[in-house]
Amino acid sequence: FSSTLFPVPKRPAIVSAVASFFSTTMAPSAPENASHNAALLSSSGVGGDVSSAAQKSRVTIIGSGNWGSVASKLIASNTIKLASFHDEVRMWVFEEKLPSGEKLTEVINRTNENVKYLPGIKLGKNVVADPDLENAVRDANMLVFVTPHQFMEGICKRLVGKVKEGSQAISLIKGMEVKMEGPCMISSLISEQLGVNCCVLMGANIANEIAVEKFSEATVGYRENREIAEKWVQLFNTPYFMVTAVQDVEGVELCGTLKNVVALAAGFVDGLEMGNNTKAAIMRIGLREMRAFSKILFPTVKDNTFFESCGVADLITTCLGGRNRRVAEAFAKSGGKRSFDELEAEMLQGQKLQGVSTAREVYEVLSNRGWLELFPLFAAVHEISSGRLPPSAIVEYGEHKPNFSAVEGAAQYFSS
Ligand SMILES: NC(=O)C1=CN([C@@H]2O[C@H](COP(=O)(O)OP(=O)(O)OC[C@H]3O[C@@H](n4cnc5c(N)ncnc54)[C@H](O)[C@@H]3O)[C@@H](O)[C@H]2O)C=CC1
Ligand SMILES: O=C(CO)COP(=O)(O)O
């Protein structure tokens with residue numbers, strides 16, 4: 001990309017260390033390349049060392065599916081360049097046997113490719129696949145979580161007490177859990193279970209496109225500490241992957257999570273061959289429900305977040321080219337006769353959909369709180385995907401007009 005078309009914004013250099021995390025792990029960002037070269041020279045016995053091993057951050061990725069593998073490629077291309085990170089990036093792999101009889105981890109380490117979830121793409125020689133979850137996190141102080149959301153509760157349980165004190169985490173996971181007390185975002189699950197601060201990274205990020213280095217953008221959501229967000233930006237940002245930080249963890253995470261429900265609706269519309277106007281209408285209604293749902297649950301969610309890559313851009317890309325859309329289209333084409341589980345297994349070969357379980361989880365929140373009539377599109381998606389309504393209900397269901405009288409004061413969340 002020409003720099004005039006897509007100028008990479010100059011980010012302010014991080015000048016002060018504000019937390020113990022930085023004082024022990026982070027070298028100043030401006031002279032990164034110079035210090036890295038010096039470190040290389042030093043390791044080859046030529047020059048003096050400038051960044052001691054103790055100061056460097058060590059990154060582990062928990063997850064190795066389609067997006068997890070692309071994340072490892074992005075991160076590995078940066079850790080090798082930046083002196084404030086150890087070169088090696090460890091990637092926890094949920095071990096499985098390939099049809100050849102070999103273990104996936106061994107093949108990744110031999111070929112430098114995730115032959116099952118991202119074939120044909122080299123991850124970077126500094127990526128080390130590790131099937132042992134506890135071992136993978138042992139030495140890391142920057143943890144990147146990127147598994148399908150349904151596995152996170154189990155993963156967190158296994159990691160309790162195993163994570164290095166003072167570690168930072170980021171979640172790339174689109175989804176949520178529903179607990180007795182209400183919805184629990186995955187970043188909160190990670191923070192609460194592991195006692196670590198957790199940012200999020202979401203965006204219009206179809207993994208296979210980023211794998212071949214086509215330009216895209218992403219949004220980091222952070223809670224309070226801008227410096228930590230900048231460190232994550234530094235770790236992910238490349239000339240073809242432009243990352244921006246916003247102070248709105250819940251807004252960013254809910255955008256990434258809820259757009260998968262709208263993508264199912266868009267897929268139903270495609271399967272019914274309703275055309276582009278209908279699909280655009282569904283996307284607009286879906287975006288409105290996304291914003292209202294987010295703001296009712298978390299009043300701090302910012303309107304601007306919906307205009308970042310994590311918001312409207314992710315909604316568009318997923319409704320055009322995502323897996324949720326594709327499988328939902330096949331579901332509608334079968335008239336709802338083939339189940340999502342069957343279609344997922346056949347069409348995605350081990351990759352996982354997030355939209356169907358998210359639609360169920362959202363539905364649970366809506367029915368627990370008496371909000372079903374306020375969110376007719378979200379409700380219809382779950383009723384269709386669970387077989388209670390036919391796919392055609394996506395465009396018949398009360399024209400998706402929320403019934404504001406169902407909940408006092410609700411209209412404000414839908415107004416522009
Ligand atoms: N693929 C994409 O284009 C994008 C995906 N995401 C999000 O990233 C997250 C991870 O998705 P992907 O990396 O695409 O995964 P994926 O759907 O490609 O792969 C499934 C992964 O789950 C693992 N797995 C299977 N059973 C497991 C178990 N019992 N315990 C733990 N892991 C198990 C598999 O080994 C594999 O790594 C999801 O929340 C998704 O929404 C976000 C942006 C883009
Ligand atoms: O989240 C995604 C793009 O940002 C990918 O969506 P799908 O899981 O529907 O492919």
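Modeller: Happy to! In this predicted model, strand β11 (residues 216–221) runs parallel to β12, and six bridges join the two. One pair to look for is A218, which stands opposite V243 in β12.

Now step back to the whole sheet. It is open and has eight strands, ordered β5-β2-β1-β6-β7-β10-β11-β12, with mixed pairing. The edges are taken by β5 (127–130) and β12 (241–246); each has a single partner strand, so one side of each has no neighbour in the sheet. On average, neighbouring strands here are turned by 25 degrees against each other, direction ignored.

The axes of α10 (residues 249–271) and α15 (residues 355–369) come within 8 Å and cross at roughly 105 degrees. Angles of 65 to 115 degrees count as roughly perpendicular, and therefore α10 is roughly perpendicular to α15. If you want to display the contact, select T257, L258, N260, V261 and L264 on α10, together with G355, V356, T358, A359 and V362 on α15. By residue type, this contact of α10 with α15 has six nonpolar and four polar residues, and no charged ones.

Terms used:
Residues numbered from 1 in each chain as written. Chains lettered and ligands numbered in written order. Predicted model: local features only at pLDDT ≥ 70, side-chain atom pairs only at ≥ 80, totals over all residues. Heavy atoms only, no water. Axes fitted to C-alpha atoms, helices over the stretch in contact; angles between N-to-C directions. Helix = DSSP H or I, 4+ residues; strand = E, 2+ residues; numbered from the N terminus. Parallel < 35°, antiparallel > 145°, perpendicular 65-115°, else oblique. Contact = heavy atoms within 4.5 Å. Nonpolar A, V, L, I, M, F, W, Y, C, P; charged D, E, K, R; others polar. Pairing = 2+ DSSP bridges.
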